[in-house]
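Colleague: Could you walk me through this one? I'm new to it and would like to ask questions as we go.

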Amino acid sequence: MNARAGGAEVALIGVAFAALWFAPLFTGDYGLQIAFRVLIYLTLAESWNLLAGSAGLVSLGTSCFVGLGAYVAFGLLNNLDAPLPVALAVAALAGGALAALVSPALFRLRGLYFTVGTLALAELLRLTMVNVSAFGGATGIILRDDPPPLPELFHYALVVALIASLAMTACARTRVSVILRAVRDDEDAAAQMGVRPFRVKLGAFVLASALGALAGGVQAVKLGAIEPYGMFGLQWSIDVLSMVIIGGVGLRLGSLVGALFVVALGEALADYPEAHIAITGAILIVLIRFAPRGVVGFAANLPGLMRKWAVA
Amino acid sequence: MSAPLLEVTGLVKRYGGLVAIDHVDLRLQPGTITGVIGPNGAGKSTLIGLIGGAVAPSEGVIRLDGRDVSRLPASERARAGIGRTYQIPRPFLDMTVEENLEVAQYSIQPFARAAPARAERTALLARAGLSDVARLPARALPLLRRKRLEVARALALKPHIVLLDEVGAGLVDSEITELIALIQTIADPGTAIVIVEHVLRVVRECCARSLVLNFGKKLIEGPTAEIFANDEVAAVYLGTGGARAATGNPNLAAFEEAAVSVSPRGVALSPLIAPPSTADAGAPLLELRGICSGYGQARVLKGVDLRVRQGQAIAILGANGAGKTTLARTISGAIVPTAGSFRFAGENVSGRPAHRIAQLGIAHCMEGRRIFPTLSVQENLLIAARGAGADVTRERLSAVHDLFPILAERKNQPGTSMSGGQQQMLAIGRALMARPRLVIFDEISLGLAPVVMDSLYDALAELKTAGVTLIVIEQDVDRALALADYAFVLEHGVFGLSGEPTEIAADPRLRHIYIGTAD
């Protein structure tokens, strides 16, 4: 049953991907800009949802891997004349490697302490970039060559989002998902079943971090210039967190719905930045109170609720 | 004799000063079922944890098939073939029953082919009687079926060693019959099973050999029938006077003796004793009628009637799992009864939250002491007297210090840094600080050396003389009966026996309830 659902999901993702590939033929720059942002956010949200929803690791370190990916990609592009796909692939590897490097320390911390640990890691990297002049210091780095045109960048973002979606499907629809949820629900009981919790968490963390770094690399190339306050900004972590909470933590469609919702809201309120923050906050409060499983979770429960209301 | 499948030598587990497992040796042959019995706190679950890898040993060696596994984490021991269940089932609640088994299968064989793995799961679920609920979330299962899921999940590992930790607790007789049938299907020539159990019927019917743990030490080991006929074993459960000398841990006793001394008789306890209510003195202080109570699916108390008069000392006896602690928790309001009437000092208090019931003057000295570890000894005491004026608090404090001088000496130490006996004194002192009208003492002698128990019971006797109304819940029959005016014996959630302490002590049914006899 699982395998069939997984197959259908892969087919659906493939169709969506193929259709979107031709989007630049039909839409102008504005549409592509928005679509690009949705894809980057979708990638980050998928990877965060994998960590938090499936493995139970709530991270505030998204910015850490976004920033790392950006800096690694720029370094390779500017100093080694690496082709863009290679630079992005190395950025992803670097993200995964950093995750593997810090996990022995981070996984000693459980629950909220892990969350705080990831936050500290992001700050540590940001301050390093600010204070080391080889990395451009506080002013950052400018991409030496012109970034590729927008339709090409859109295709890069699309491929990255495809990788993230397929990875998420692999983790959610195969036997891996059972192991991940076991570790999330009761690490000790899982160990008693032969599951090695450290390795499972490490795998999820490395994969999510590599995806984050990949998205960061693509985003940085589009910007053409990076500086530590932006690329390592807490805003990344908070945006991703709110997207997944709005969409639905641990739900397959949660990241997509959340990313679309947050980007659309941002566009609708683009002229009122203060109102934007306040309204996002209000939406989060309402959702956490009344729909703790997000928009997707609420929609899934709707038939049941309707019946209850109809009876009442 | 063939080589043992599992060999445990000199196993020790210390928690700070407390020795939970003290130099235990154990050899398990393939194809055997071994029972482990012993009083609460004897270290049975710790032993399971040590073998399963959830608890790291302080000393000693555990060999599985000749290989030293003592330092391996739980996950590696599971992969090496040790499967265990938890005393309180810990299924993955949001997964289906079948997925719970998949965890074990796919963790040891990530690339197992799907079809044979599914066939194996189906067979396991059928054996455990869970076929009809395979697709339900584990959360939907009642207690008995969760316990079966624990067993099925452990078996999905294809273990050579199966450790069953109190799979019979909380089950009624017919459920125990089913459980025994299930255990007997697990036994095969290549597997060794260990059953930790208070439900002695399970041990009697499944295990050829048994061992008795007491105070973390192996008291005796041998054929199960001999173990059950042994007077010393009866003494461990019933706590006869002879057993005190025989089973006491002399080192621990000597260690505690220096620290534990209760003040001489005649201390001024009056600040701790609530004045008797003036309104009709003949009415009972506490009156329970037809109380039913339990935890979710597990119904523990099935209609308990209890009347306690002002100044009485009541003993509540009964085997493990009979419902003694549930009764205590129901009276103190920690559990709301599902049926029956609960009156205190003439008022109907049924359904009131625990803090309201405490305000009425019921203090509960809880099983396991429940000392606040981050508070000092003094703060632990003061927290129970919140709301009283400074003078009153000082009076009560000095009365508690008179009763247990050690609490004055150690007043600035963290509460849990003291020895077990001292912590128990703190727990008793804390209960008294509220100046209660009724105090429930739940298993205050648990895990304590006999000499410490003696001094605690001396203190209880003083309280009784001073007029405090007491309910004493105890596994140690002799001590409780020596103190009480009247005794009740809980059996399967109802009072099976009640009477004057002398009648109860002489009643052959008491031994039957505790040890159970083949009838």
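Colleague: At what angle do helix α8 of chain A and helix α3 of chain B pack?

Modeller: Helix α8 (residues 175-185) of chain A and helix α3 (residues 97-108) of chain B pack at about 105°, with axes 9 Å apart. Axes here are lines fitted to C-alpha atoms, for helices over the stretch in contact, and angles run from 0 to 180 degrees between N-to-C directions. That makes α8(A) roughly perpendicular to α3(B); angles of 65 to 115 degrees count as roughly perpendicular, under 35 as roughly parallel, over 145 as roughly antiparallel and the rest as oblique. Helices are DSSP runs of H or I of at least four residues, strands are runs of E of at least two, and both are numbered from the N terminus.

Colleague: Before we go on, what am I looking at, and how do the labels work?

Modeller: This is a predicted model, where local features need pLDDT of at least 70 and side-chain atom pairs count only at pLDDT 80 or more, while totals for chains, interfaces and linings use all residues. Residues are numbered from 1 along each chain as its sequence is written, and chains are lettered from A and ligands numbered from 1 in the order in which they are written.

Colleague: Back to that pair, then. Which residues of α8(A) and α3(B) meet?

Modeller: From α8(A) there are A:Arg175, A:Val178, A:Ile179 and A:Ala182, and they meet B:Glu99, B:Glu102, B:Val103, B:Tyr106 and B:Ser107 of α3(B). Two residues are in contact if their C-beta atoms, placed from the backbone, lie within 7 Å. By class, the contact of α8(A) with α3(B) has 5 nonpolar, 1 polar and 3 charged residues. Ala, Val, Leu, Ile, Met, Phe, Trp, Tyr, Cys and Pro count as nonpolar, Asp, Glu, Lys and Arg as charged, and the others, Gly among them, as polar.

Colleague: And how many residues of chain B are in contact with chain A overall?

Modeller: On the chain B side 23 residues are in contact with 16 residues of chain A. Both α2 (74-80) and α3 of chain B supply at least two residues each to that side, and α3(B) gives the most, with 7 residues.

Colleague: Let's switch to chain A. What does α3(A) pack against α12(A) with?

Modeller: Helix α3 (residues 29-54) and helix α12 (residues 234-247) of chain A pack at about 70°, with their axes 9 Å apart. That makes α3(A) roughly perpendicular to α12(A). A:Tyr41, A:Leu44, A:Ala45, A:Trp48, A:Asn49 and A:Ala52 of α3(A) make the contact with A:Asp239, A:Val240, A:Leu241, A:Met243 and A:Val244 of α12(A). Those residues divide into 9 nonpolar, 1 polar and 1 charged.

Colleague: Which residues of α6(A) are buried?

Modeller: They are A:Phe114, A:Thr118, A:Leu121, A:Ala122, A:Leu125, A:Arg126 and A:Met129. Buried means 20 or more other C-beta atoms within 10 Å of the residue's own, exposed means 12 or fewer, and partly exposed is in between, with C-beta atoms placed from the backbone.

Colleague: Why do you put them on the same side of α6(A)?

Modeller: Because they cover an arc of only 125° around the axis of α6(A), the arc being that of the directions from the helix axis to the C-beta atoms. The buried residues of α6(A) pack against α4 (62-80), α5 (84-106), α11 (228-231) and α12 of chain A. On the face turned away from the buried side, the exposed residues are A:Leu112, A:Tyr113, A:Val116, A:Leu127 and A:Asn131.

Colleague: Is A:Asp146 buried or exposed?

Modeller: A:Asp146 is exposed, with 7 other C-beta atoms within 10 Å. You'll find A:Asp146 in the loop between β1 (141-142) and α7 (150-173) of chain A.

Colleague: And B:Gly168, buried or exposed?

Modeller: B:Gly168 is buried, with 24 other C-beta atoms within 10 Å. The loop between β7 (161-165) and α6 (173-186) of chain B holds B:Gly168. Leaving aside neighbours within four places in sequence, B:Gly168 is in contact with B:Ile176, B:Leu179, B:Glu197, B:Val199 and B:Val202.

Colleague: How much of chain B counts as buried?

Modeller: Of its 519 residues, 49% count as buried. Chain B's secondary structure comes to 21 helices and 20 strands.
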